[in-house]
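Here are a few notes to read alongside the model. I have grouped them by topic.

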Amino acid sequence: MANGYAGKILRVNLTTQTITSIPTSQYQQWGGGHGIGTAIFWDLCKDKTIKFNDPGNVVTIMTSPITGTQAPCAGRVEVQGIAPQPYPIEWFNRSNFGGRFGPLLKMAGWDGIVIEGKANALSWLKIVDDKVTIEDAKAIKGMDCWDTQSYLWALQAGNVSAGQWSTVGNGFSTQRPAVLCTGLAGENQSRIAALIHDAGNGAGESGFGGVWGSKNLKAISVIGTGMIQVADPKALMEARLWIKENTLGVAADTAQVATFRASGCSGCSIPCRTRSASNTNNESQCVDTYWYAGRSLPFVNPNMSAMEARRATDLIQRYGLDAMEQYMSHQYVRKLYEMGVAGPGKKIDTKPLPMEAYGTLGFAEEWLKALSSRTGIGADLAEGAIRAAAKWGRLEEDLESGLLQFPQWGYPYHTTMEHTWALGSLMSEREINEHSMRTLFPSADVVKTTTAEQVANIAAKKLIPYEGDPLMVNYGHGPDGVYSIHGAKLIAWMRHYSRFWKQSVLYCDQSNYIPSFMTSTRAKVGLTPDAEPKFYNAVTGQNMTFKDGMTLGQKIYNIDHAIWVLQGRHRDLEQFAGFMYKPGAAYGGMGTDKSQMFLCAGHSGTTNYPVYENGKWDYSGLKEVYFTKEGIEQFKDNFYTVEGWDLKTGWPTRKLLEGLGLGFVADALVAANKLA
């Protein structure tokens, strides 16, 4: 199809061992990625209140029309289904990964994969162009993620020789198969198990590795020899040159360029990972590197060398665990140990962990092994720190004090006190892990020539369909700040923007290109809202406007929200953990000792946030910001008003849903007695 789509979606039922397909045209109206995944889940998952390990759980793995094309930062894949990590309810959820998998899946002729049922024995899925088979995985049972991939590469080496033209399927390829798999943690249905592809691409948060384990699915291997046809190749290349001319171009770490070779996803123009011939750094060293390589901080890993920190990061990938969760979990266990609450033979028994060796590479390996195999204390922690704390009778106490740094939905602290991140997460199903607003904050050199008021006015023109309101980007906590109707509109804008432009079209969230409010070029004005539809339309041949995408994002977000309502979502649940309402929250719940400030705490005084107070704009670092319970209730009133939801319950109304063309969703909520 000359519009970026391959034309069909693979449907695999592991229970019946049947393989069929769905025409992409049946769901093409949803754009791709998350939109198509949500629509398919709605249609195929008959009981949306089941647990993550029920065979009726439907998992979708979706690309977008721009995946694998020359659109920048567009090599990603969206994973969805009922997930085990969230708390207190296993929400319908999402995760996301990059690399080669999406492009090769499309070159094999598939826009995505739908997984249903549960296999009788551990299995893996083999895709070679249009030939798909379910294979016995007993030979790779218990293998880590890297060994699993190596084994499957070797198994298919008779047909594929990486880097050389080989006869494969219906044609030829220089690629070895792209393999997405789980490690031991996934096989043991850990709630914090990831899906790993190549060395450093992972769907980490939400626990989809555990979902695969519940389905007896170890891996999916894909290689394709076809091509991805786009509607207007000339327009696509012109758009790529246009964005290069109007941005800084490649954003690889310049301090590392002399030593390391940048590595990125397929087609990426700003590779974010690094690779070295000495193997002291490889492409697994991406964002998760910080959790161990931040060893200079006093509460992290002072006993690790730089080499050991990188090895520890590799182990996270090999065992197949969510880097952020396991890192914050072992910080929690360390603090309990130092308090004398946890330890060998104590009420919270830390066996088999060598707590005296905390902060060493040896401890990191024993920690990851225990979590993955559910050995000793690892059996509790494989359920996630939030559920472990509940089992130990410490949940409320430790969430209130900040000893347990999990702000909402069972996800760990991140850039949490940056309010768009915090409130966006509260209005979602998980910790959003989005950097969509980062180009709003000017660098120090731009601040010298651009006032906070100018920044607000620039952003106000771009926040379609709420454009014209500069107070939307007021990061202050006053009357016109984050709790106000202005602040609520910004969070609504983000939820709709992310659902379509980021998670359905699948532009990379790490990219500084999209969205782009400010740049470091002379113009200072970023490329949003022009960039997003420019590439999408060149690939698909459509004439979609930025506003069209925002409307579709709102529609997708409201179906997701309706699923959460069916699962038990209510206004009363949308509340932060206690420590988020106290001084020190901006420092990761670590108290007011700034020397212990968490690496990604957000309001650390290093960022230039536009703030409107006392009738004037200025920049602020917002060092001591924390939320108030009254403010959050005010925010919810305003957010529900913007969205068109009921103020008492937080549920959608029929008027809203029918206005979005979602009458069928309203009917389902009526049947469940959950329509406002």
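Predicted model: local features only at pLDDT ≥ 70, side-chain atom pairs only at ≥ 80, totals over all residues.

1. Helix α3 (residues 145-155) lies across β7, β11 (178-181), β12 (195-197) and β14, and runs at about 140 degrees to β11. Contact means heavy atoms within 4.5 Å. Axes are lines fitted to C-alpha atoms, for helices over the stretch in contact, with angles from 0 to 180 degrees between N-to-C directions. Helices (H or I, at least four residues) and strands (E, at least two) are DSSP runs, numbered from the N terminus.

2. Residues are numbered from 1 along each chain as its sequence is written, and side-chain values use heavy atoms, leaving out hydrogens and water.

3. The average pLDDT is 88, but over residues 248-260 it stays under 50.

4. The open sheet has 6 strands in the order β8-β7-β14-β11-β12-β13, with mixed pairing. Strands pair if DSSP finds at least two bridges between them. β7 (residues 123-128) and β14 (residues 217-223) pair in the parallel sense over 6 bridges, with Ser 123 opposite Leu 217.

5. Which residue's charged end sits over the ring of Trp 91? That is Arg 569, 5.0 Å from the ring centre; the rule asks for NZ of Lys or CZ of Arg within 6 Å of the ring centre and within 35 degrees of the ring normal. Likewise, the charged end of Lys 48 sits over Trp 42, at 4.6 Å.

Methods:
pLDDT = per-residue confidence, 0-100.
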